[in-house]
Each structure stands twice: as structure tokens, then as C-alpha cells.
Amino acid sequence: MANWKNVNNWHWTEKNCAPWAKEYFTRELKGLEAESDGITVKTTEVTKVSGDVDLNQRKGKIITLYDLSISLNWSGASENGTEATGKINIPEVAHDSELSDYVFNISIDDETKEKWAIKEVVRTQLTKVIRDKLSHFTKDLIEAHGKDVYIDPSQLRTPSPAPVSLSISEQAIKASKESSAANKEPVVKKAPKVNTTTLKETIEFVASAHEVYETLLEEQRVSIWTRGPAKISKEKNSQFELFGGNISGKILEAEEDKKIVMQWRSKTWPESHYSTVTLKFDEGTDNVKIHLIQEGVPLGEEDITSGNWKQYYWNPIKTTFGFGAFI
């Protein structure tokens, strides 16, 4: 558990969340329904949730670790009156597995040829609904228990050092140095000339434009998908800093649900060199596409930068908030 002696969230803290996870899945996975070609199926009971679920924090980063096996009962009926029941076993629901890799073992009680069509709807449609529910687990776990392993930096209190008394001669020397410094011309560090290229990508989310916009700029939500402290704001010309300072920059423009423009740099890039990132939102009926244009990417860094957008932005956002499949 987090405590006030864990200065700057530096030490490893952890919480066993397995009992909560069992209650969570028992509640969330019961009563899920799907329908196709006049056949209706639903989950009727969660019979087993076993495995480990831990929430950890180290150096200000929240880490989820879980590996579970889940079993459910299902029932279904067709328009002609045929009824069927059976079981679904998901042998592994894990923090390091992609949603698309989850396996659903489906069985049917007293199987007959007439019941095959019902089982097929379970396989093709009901598993989609279950998979969608599973996609929300990481986000809900962090929201429910994150405060138990992580202390918001604004609530940490570091005692201020006692003021140091200076002798008269020391004060005179100090005043002289300050006067000299004030009279010096400021040194402006120029950004080095860097050969650059432009990166263009389109990313699709199963969410509204507003949900994705808020997820990219609202500080609390950003802290969730980056798994650590985040400094960011929607205010024009406000500075941002993510991933412990590895990504930083400035918000140049934030047009709600439509466009975000920012100066953006990686800590590994040449000093003082920034790219310009423009994110345009194209909302559809049940999804939104983000068109990314990043101008000023150093030559040779384009593949790494593209991969980092996927690994550290898009995939964590999708798995944390259930906004769609991995890229």
C-alpha cells in the first residue's frame, strides 16, 4: 500500500486485487447477450474466476499484472423453439496478451445437430461481447485501486530547508554576483540544424471524437494510460511532459473534438529540436479516425517514432479504455 514515506512514489508497492477481480467478473460477465438470424444467446452465470491479479507501483509508474482463467455458463434459443445450454472457458486472460489472442473454448450440453446453429452464434457473436467487456478490465482495475498504490505528487509534502543566515560579507558577495548576472546578456541556445522527414499515419478508435480528445489531453486520463504521472493541459501554449520527461513539448492548438497541434520531442533527439504534430479527428457513426501528421522527425528516427506512437500511445489507450483492437 502507498504511504506518505514513499517519497516521490519511488519504492515498489503492490496490492492483491484477486478477490475484487472475482467479484468484478462475476458481475460484469453475467447477462451478456447477442443475437443473429433469429437466434438469441446470453451468459447466465460466471462459475469460476481463478488466478492472480496484482496492482503495482514503482518509481511513479502504475503496473498491472494479472493472469486469470474464467468459466461461464450460457443459454440460447432459436425461433423454432430449439433451446441449448453450455459452457465457455477462457483459459488465459493476461496483462501481456492482446485481446485478439484470447481463446474461447465453447461446449454444448446434450449436443444435437439442431443445436449447432445456436452454438455457432455463441462462437461468432457472444464472444465479441465478452471480449469487449474484458477490454475494460485494466482501466477499471486502475480506477478502483490505483489510489492504494500511488500518491498524487501534488499531495506529497517535502519539508522546505531552513533558511541559511549569511554574514555581512557573504551577503555583499552574493549581491555582487547577482548584479553581475543581471547585467549579462542572456545566452540563447539555438537548436542544431537537423535533417528531417514527415510522418503520416491514420489510427482508428471505436469511440467518439470527444472520448479520444479527452483521453489525449485530460491529465487524469493521461496518467492512467501512461501508467504514471503526467503533466498536460488543454490550454494554448501550455507545456506537457509524459513518461518521466522522455516525451515533452507544448500545446499550440486544441480545438475540442476536432484538432490538436503541438510541439513534440523525444528526449533522445538532438537537444532543443522539436517536431510539429497535428492530430485531426474524423468522426464516423461508431468510430473516429485520427489523422496524424508529424513534421520535423529527425532522419533515421521515423520508424522508431512510428513504433513508439503505437507502443506507448495508441495500443495502451485502446486496451485501457476499450477503444478497439491493437494496431
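These legends go with a set of close-up views of one predicted model.

**View 1. The whole chain, before zooming in.** The protein has seven helices and 12 strands. Of its 327 residues, 41% count as buried. Looking at contacts between residues at least 6 apart in sequence, 58% of them join residues at least 24 apart. The exposed surface comes to about 18,600 Å², with carbon and sulfur atoms supplying 48% of it.

View 2. Average pLDDT for the protein is 83, and 79% of the residues score at least 70. Two stretches deserve a second look. Residues 1-12 stay under 50 in pLDDT, yet the model gives them 35 contacts beyond four places in sequence. Over residues 155-169 the pLDDT is also below 50, and this stretch has nine contacts beyond near neighbours in sequence.

**View 3. The largest nonpolar core.** Which members of this core touch the most other members? Out of 73 residues, they are Ile70, Ile88, Leu134, Phe205, Leu216 and Trp314. Domain 1 (13-148) and domain 2 (196-321) both contribute residues, so the core lies between them.

**View 4. Helix 5 and leucine 216.** Helix 5 covers residues 209-217, and seven of its nine residues are buried, so the rest of the structure largely encloses it. The buried ones are Ala209, Val212, Tyr213, Glu214, Thr215, Leu216 and Leu217. Zoom in on leucine 216 and, not counting residues up to four places away in sequence, you'll find it touching Val222, Trp225, Ile232, Ile260, Leu279, Phe281, Tyr313, Trp314 and Ile317. One of these partners, Trp314, is listed along with Leu216 among the core residues that touch the most other members.

View 5. Threonine 64 sits in strand 4, which runs over residues 61-77. Is this residue buried or exposed? Its relative accessibility is 4%, so it counts as buried, the cut-off being under 20%. The side chains of threonine 64 and arginine 227 are joined by a polar contact of 3.4 Å. Setting aside neighbours within four places in sequence, threonine 64 is in contact with Asp54, Leu55, His95, Thr138, Leu141, Ile142 and Arg227.

**View 6. Tyrosine 274 in its loop.** Tyrosine 274 belongs to the loop between strand 10 (259-266) and strand 11 (275-283). With a relative accessible area of 35%, tyrosine 274 is partly exposed. Glycine 296 is 22 residues away along the chain, but the two C-alpha atoms are separated by 7.0 Å. Beyond four places in sequence, the contacts of tyrosine 274 are Ser248, Gly249, Gln263, Trp264, Arg265 and Gly296.

**View 7. Glutamine 220 on helix 6.** Glutamine 220 is part of helix 6 (residues 219-225). Its relative accessible area is 58%, which makes glutamine 220 exposed. Alanine 230 is 10 residues from glutamine 220 in sequence, and the C-alpha to C-alpha distance is 7.8 Å.

**View 8. Two aspartates with positive phi.** Most residues other than glycine have a negative phi. Aspartate 110 has a positive phi near 45°. Aspartate 110 is in the loop between strand 6 (105-108) and helix 2 (116-134), and is exposed at 66% relative accessible area. Aspartate 257 has a positive phi too, of about 65°. Its loop runs between strand 9 (247-255) and strand 10. Aspartate 257 counts as partly exposed, at 24% relative accessibility.

Note on methods:
Residues numbered from 1 in each chain as written. Predicted model: local features only at pLDDT ≥ 70, side-chain atom pairs only at ≥ 80, totals over all residues. Heavy atoms only, no water. Helix = DSSP H or I, 4+ residues; strand = E, 2+ residues; numbered from the N terminus. Buried < 20%, exposed > 50% of the residue type's maximum accessible area, 1.4 Å probe, protein only. Polar contact = N/O pair within 3.5 Å; in protein donor to acceptor, adjacent residues only side chain to side chain. Contact = heavy atoms within 4.5 Å. Core = buried A, V, L, I, M, F, W, Y, C linked by side-chain atoms within 4.5 Å. Domains from an automatic or database assignment. pLDDT = per-residue confidence, 0-100. Areas by Shrake-Rupley, 256 points an atom, 1.4 Å probe, with all protein chains shown as cover.
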